[in-house]
Amino acid sequence: MIRLPRVSKPVRVLLRKELRQFLRSRNALLTGLLLPALIMVVAPVVQLLAAAGGSAMRGQATLPAGVPGMAGLTRLDELFLYVTFPLFFVLGGLMTPALAATHTVISERERRSIELLVALPVSVKDILTAKTAANLLVAAATLLPLFVIDATVVLLLTHAGVLYVMAALVLVLCALTASIGISLLLALVARDFRTANNLNGFFVVPTMIMTGLCVTLVPGLWRFLVLSLLMLALGGLAYLIAVRWLTFERYLT
Amino acid sequence: MQPVATALAFRSVTKRFRNGRVALADVTWSVARGSRTCLLGPNGAGKSTSIRILEGALRPSAGSAELLGEPVDGPGYAAARLRTGIVPQGPGMYTDLTAREFLRIAADLYGCRPDRAIEAFGLRDHLRTRLAELSGGFQRRVVLAAALVAEPELLLLDEPTVGLDPKASHEVHEYLRQMMASRTVLLCTHNLAEAEALCDDVIILREGRVVVQGRLNDLRRGARSRLRLAAHQGPQAVVARLNGFGPVRVDGDRVLLEVADPEREAPRVLRALMDAGLDVYECTPQQASLEEVFLEAVG
């Protein structure tokens, strides 16, 4: 029988509070659902429909020769599946929890209600664990159904098989895992919404460049594996910076 | 659970932040079980850092701090924390949680029910109101109720009336008087009248160091005490007859004479003034106020 890690009582109580507050925040719900829906479903599905349907873009793709990541990609839908889709999956996996973190962490800090929490018998670690877990749950609850839509469309409209879908799912899950470290870093560094947005940008731009390089240089499904590992490394690095260098004390100082 | 004589203790505690600022410098103080102590000091003296360390939110850079006999970074701290209620300084209020929901969270964390605290602070009719929509006085009641929900033996109050209007402050003081009885209390405040009214012991911090610690009455006695004198002939006539008794100061139509023991000196001074033909209508021994003790300590 699989034993799940034991969650402490303070974290459980705070997690319920965070989820309740998230569901009551119209702004959080709107940004938490709308942006992921655009990134994860609207953009990729429109691309696949264009490639499969009567679009002028239909047919053979003209790709630069000698680029390892592009080798063997002759059709437009393959170009989307192997070049642009990984970008969407990484963006969706990283951005959705980061957006949720902006709401759960920054609003608490800006209105100084964090003082109420710290006065209760909980540690700063409990507070941040509950917030990060809430962000992750919200992101997973948003992204996974959206991914199921993607997977269905991919299986119906393209030649990509179950292996592609599995590889893409691993990438989304790794991006979600990486978001734990990034959300924690965001919680410790950002004191207001502007800083939080700047920090999100700070992570997104290099991540996109890294993803772009990866899809250009790594062939076939290997790019999903390499990207997944890079996501875990990025998340691990962010987590280490947050816990070892910044420390939880920073949340209150 | 073994009773502890010292409820709170800072032993050679230094707190240095990452930017190099030293908030506490080798600070040692303690609060005896059952005492009501105020922690005073100007801004930046280290009061809030001390409370943060006791909350477990900050760790000392050196030295050790104890809460109910348990080191704040030790394994027994979490249990000690469940026996401690904390009222934070001017917290922000949730716009998306009602008073009931917040008190339920507090009660769940302490492992008890919120009903007694709700009744004690008269919150029954306001439970469905969101915290941010309550008046300042009721918001503070909710915060007090959360701190006292588990009937803690130790209460840490960080500026409990800051930002409240006089009526709400008075109301909170009434609650505090009731709640502080039979508990160990550390009151961190800028309001000297509040400290004087609610506490028996005092610790004064300045620039991260303890400059005064002791019983309030002892400190008053140790500080310069005075006799307040008034005569129909006016203050200048009184001053003229007080030569040799001690330093004097005119305060309106009164004269303040500094003496070591006002109660013992009063008959001698009074006799001298009456012998000089002055119609004395006031001769009152005055102990130094906490404000005077404080100003003398912090300069």
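Start by selecting A:Leu81, A:Gly92, A:Gly93, A:Thr96, A:Pro97, A:Ala100, A:Ala101, A:Thr104 and A:Val105 in H3(A): they meet A:Lys131, A:Ala134, A:Asn135, A:Leu136, A:Val138, A:Ala139, A:Thr142, A:Leu143 and A:Val154 in H5(A). Two residues are in contact here if their C-beta atoms, placed from the backbone, lie within 7 Å. By class, this contact has eleven nonpolar, six polar and one charged residues. (Ala, Val, Leu, Ile, Met, Phe, Trp, Tyr, Cys and Pro count as nonpolar, Asp, Glu, Lys and Arg as charged, and the others, Gly among them, as polar.)

Before moving on, remember that this is a predicted model: local features need pLDDT of at least 70, side-chain atom pairs count only at pLDDT 80 or more, and totals for chains, interfaces and linings use all residues. Residues are numbered from 1 along each chain as its sequence is written, while chains are lettered from A and ligands numbered from 1 in the order in which they are written.

**Stay on that helix pair**

Show H3(A), residues 76-110, and H5(A), residues 124-157, as cartoons: their axes come within 8 Å and cross at roughly 155 degrees. Axes are lines fitted to C-alpha atoms, for helices over the stretch in contact, and angles run from 0 to 180 degrees between N-to-C directions. That makes H3(A) roughly antiparallel to H5(A). (Under 35 degrees is roughly parallel, over 145 roughly antiparallel, 65 to 115 roughly perpendicular and the rest oblique.) The crossing is right-handed; a crossing is left-handed if the near helix is turned anticlockwise from the far one by less than a right angle, and right-handed if clockwise.

**Another pair in chain A**

Now pick H6(A), residues 162-189, and H8(A), residues 222-246, whose axes come within 8 Å and cross at roughly 15 degrees. H6(A) and H8(A) are therefore roughly parallel to each other, and the crossing is left-handed. Colour their contact by class and you get 23 nonpolar, six polar and no charged residues.

**Zoom out to chain A**

Chain A has eight helices and zero strands. (Helices, H or I with at least four residues, and strands, E with at least two, are DSSP runs numbered from the N terminus.) Its C-alpha trace spans about 65 × 45 × 35 Å along the principal axes.

**Over to chain B's contact side**

The contact between the chains takes 26 residues from chain B and 21 residues from chain A. On chain B, select helix H1 (47-55), strand E6 (84-87), helix H3 (99-110) and helix H5 (136-148), the elements that give two or more residues to the side touching chain A. The largest share, five residues, comes from H3(B). By class, that side of chain B has 18 nonpolar, three polar and five charged residues.

Go to B:Ser12 in strand E1, residues 6-16. Its phi is positive, about 50 degrees, although it is not a glycine. Most residues other than glycine have a negative phi. Next, B:Glu159 sits in the loop between strand E7 (154-158) and helix H6 (166-180) of chain B, with a positive phi near 45 degrees.

Finish at B:Ser30, in strand E2, residues 22-32. What is B:Ser30 in contact with, leaving aside its neighbours within four places in sequence? Look for B:Thr6, B:Leu8 and B:Ala9.
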